[in-house]
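These notebook entries record what I looked up in one structure. I took the topics one at a time.

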Amino acid sequence: MAASQAIAETTAGFDAIVIGAGVSGLYQLHKLRELGLKVRVFETGTGVGGTWYWNRYPGARFDSESWTYGYSFSQELLEEWDWDEHFAGQPETERYLNYVADKFDLRRDIQFKSRVIAAHYREETRSWEVLLEDGRRYTTRFLITAVGVLSAATMPTIPGVERFHGQSCHTHYWPKEPVRFEGKRVAVIGTGATGVQTITEVAKTAGHLTVFQRTPQWCAPLHNGKIGNDEMSRIRANFPEIFARCQETYGCFIHATDPRAALEVSPEEREAFWEKLYSEPGFGIWMGNFRDILVDRKANALISDFIARKIRQRVKDPAVAEKLIPKNHGFGTRRVPLESGYFEVYNQPNVKLVDITETPIECITPTGIKTSDREYEFDIIIYATGFDAITGAFDRIDIHGVGGASLKDKWKDGPQTFLGILVDGFPNLLMVMGPHAGLGNFPRAVEYTADWVTDLIRFSCERDLTRIEATAAGAIAWTDHVIEASEGLLFTEIDSWMTGINRNVEGKQVRRIMRYSGGHPAFRKRCDAVAAEGYRELSLA
Ligand code: NAP
């Protein structure tokens, strides 16, 4: 019996609904179609791309090598697409994802301007009822979330945000129309990876730019460059090796951890290696560094000192340089922003850094920003204030499972999942890159997870199984394993979106283990074993 027939007999509506038409949702749709299922993707935006549809802020680009970031599943696609830059900007990546959507004719199953606000599991029919913001309702056997990790943007809880008379915007919701900064007094609040990119770009043209910094970041150089035709041909010829290497590394990047420990080598060897990494493109300085820098305090202090020296060399005013050097966390314990001239921005006469730990922002006024020591006037305020990460996008959908239990309540002290894909008490809900997934080079992990989800659905359809659920014991064991895998990693002691902290969101002030830190190869091994044993660890009926 065809997979779609098996489902159509027992439920009206769709066989599968996918939430989100970003990198994960597009590929998941493509895979589910291969099963012959009736699938619908609901997407809030008016176009495909997810992260790369929304984040149009000045300077937006990724920190993964483009040629490791694209999908690997289609040889034809790999043959056809030429990347312009080693680290593509948002416009190029959005173009790429549109190209993919067209090539695989994905749009006909994507419903745009359709925000999912609720999803309720109905035991009687073993299906989900999905409610859109505009009131439309749909039913589906399988509900697949492809909502991304960083998609629930958060504004700061600063009084007066709505009173500002000038132009203001969160970077995530940047308008499609170009915004000009020439002659304008611009403020940026936030200095995470987004703020760093925005500040570097806006400083090029703004009349005056004021940066409001709460926590400085350990940024390192991106070293981006164009890809010429010859180089693209060489990359294309190497795709099999490139993707194979990404599968072997901890974070699915091209950069693999160096087997040496920083504390085992001589100071000269250490320094020379760090100089090399600092001069090379991409995440080598974070992902390809000595194996102990993210677990050993002494090793971490040494690399932090190395990067601090670089900041002091690059920023002319020593007082400003000191403000730009993080003091409350070590290098790599938060996500390292890669930059293209970020520190030099503070040598420009049109740029001022305000340390809001010294002079806190009191409120936004109709004309600008008031700190504890003065008022600033602005034409434009940019909020680069981040996201309610990982679980935020789930919290914004009212999801109820068996017996009406709420997912938000279940996860209030931290997510509980089986493999980061299933949740006990929420049958037929499957998550692609949900909580407890490993972070890293996103599309590499997406392809694996969406394939795994597709195989599980195929398995169920072929056996006329209509109810797939994680067991409570399985979810407890996996959640314990996720917590165990993070033990000893220095990042767990630091407040950041990676540990579930967002000071602008109620209930997100306590650190939790949000992601799997055992590395992608270990994650895949565990998922493969579950599939190889016929999913016996799940409850299937
Ligand atoms: P983020 O790292 O969470 O940074 C948010 C910034 O806003 C922080 O500096 C934060 O300060 C500040 N902030 C938040 N609320 C504030 C308030 N009320 N008052 C003052 N400052 C406030 O968010 P993000 O920069 O958007 O980056 C999130 C993640 O997205 C990155 O880590 C990365 O994984 C991804 N990203 C990737 C790329 C890329 O691939 N190149 C680019 C951009 C983003 P505190 O640190 O003190 O909280």
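This is a predicted model: local features need pLDDT of at least 70, side-chain atom pairs count only at pLDDT 80 or more; totals for chains, interfaces and linings use all residues.

**Entry 1: Lys226**

I located Lys226 in the loop that runs between strand E10 (220-221) and helix H8 (229-237). Is Lys226 buried or exposed? I noted a relative accessibility of 64% for Lys226. Exposed means over 50%, so Lys226 counts as exposed. I then looked up the separation between Lys226 and Val130. The two residues are 96 residues apart in sequence, and their C-alpha atoms are 44 Å apart in space.

**Entry 2: residues with positive phi**

For Asn428 I recorded a phi of about 65°. I found Asn428 in the loop between helix H16 (407-410) and strand E18 (429-431). Its relative accessible area is 1%. Buried means under 20%, so Asn428 is buried.

For Asp464 I recorded a phi near 55°, which is also positive. Asp464 is found in the loop that lies between H17 and strand E19 (468-470). Is Asp464 buried or exposed, or in between? I noted 47% relative accessibility, so Asp464 counts as partly exposed.

**Entry 3: the ligand**

I turned to the surroundings of the ligand. Which residues come nearest to the ligand? I found 25 residues around the ligand, and the nearest are Arg61, Thr194, Arg214, Thr215 and Trp497. By class, I recorded ten nonpolar, nine polar and six charged residues in this shell. Helix H7 (residues 193-202) gives the largest share of the shell, with three residues.

Arg214 has a polar side-chain atom 2.8 Å from an oxygen atom of the ligand. For Trp497, an N or O atom of the side chain is 2.8 Å from a ligand oxygen atom. In the case of Asn504, the ligand atom is a nitrogen, and it is 2.9 Å from an N or O atom of the side chain. How much of the accessible area of the ligand does the protein cover? On its own the ligand has 920 Å² of accessible area, and I noted that the protein covers 86% of this.

**Entry 4: the largest cavity**

The search of the whole structure gave four cavities of 30 Å³ or more. The largest cavity holds about 60 Å³ of space. I listed its lining, which includes Trp67, Tyr71, Trp81, Trp83, Tyr96 and Phe243. Helix H5 (75-80) and helix H9 (239-248) each contribute at least two residues to this lining. By class, I recorded nine nonpolar residues, one polar residue and no charged residues for the largest cavity.

**Entry 5: the second largest cavity**

For the second largest cavity I noted about 50 Å³ of space. Among the residues that line this cavity are Met433, Tyr448, Thr449, His520 and Arg524. Which helices each supply at least two residues of this lining? I found helix H17 (442-462) and helix H19 (520-532). The lining of the second largest cavity has five nonpolar, three polar and one charged residues by class.

Technical notes
Residues are numbered from 1 along each chain as its sequence is written. Side-chain values use heavy atoms; hydrogens and water are left out. On a 1 Å grid over the protein atoms alone, a cavity is a set of points where a 1.4 Å probe fits but cannot get out, and a pocket is an open set with protein on both sides within 12 Å along at least five of seven lines; lining residues have an atom within 4 Å of a point. Grid points are joined across faces, edges and corners, and a volume is the space filled by probe spheres set on the points. Helices (H or I, at least four residues) and strands (E, at least two) are DSSP runs, numbered from the N terminus. Ala, Val, Leu, Ile, Met, Phe, Trp, Tyr, Cys and Pro count as nonpolar, Asp, Glu, Lys and Arg as charged, and the others, Gly among them, as polar. A residue is near a molecule or strand if one of its heavy atoms lies within 4 Å of it. A polar contact is a pair of N or O atoms within 3.5 Å; within protein, one must be able to donate a hydrogen and the other to accept it, and residues adjacent in sequence count only if both atoms are side-chain atoms. Accessible areas come from the Shrake-Rupley method with a 1.4 Å probe; for residues, only the protein chains shown count as cover. Buried means under 20% relative accessible area, exposed over 50%, partly exposed in between (1.4 Å probe, protein chains only).
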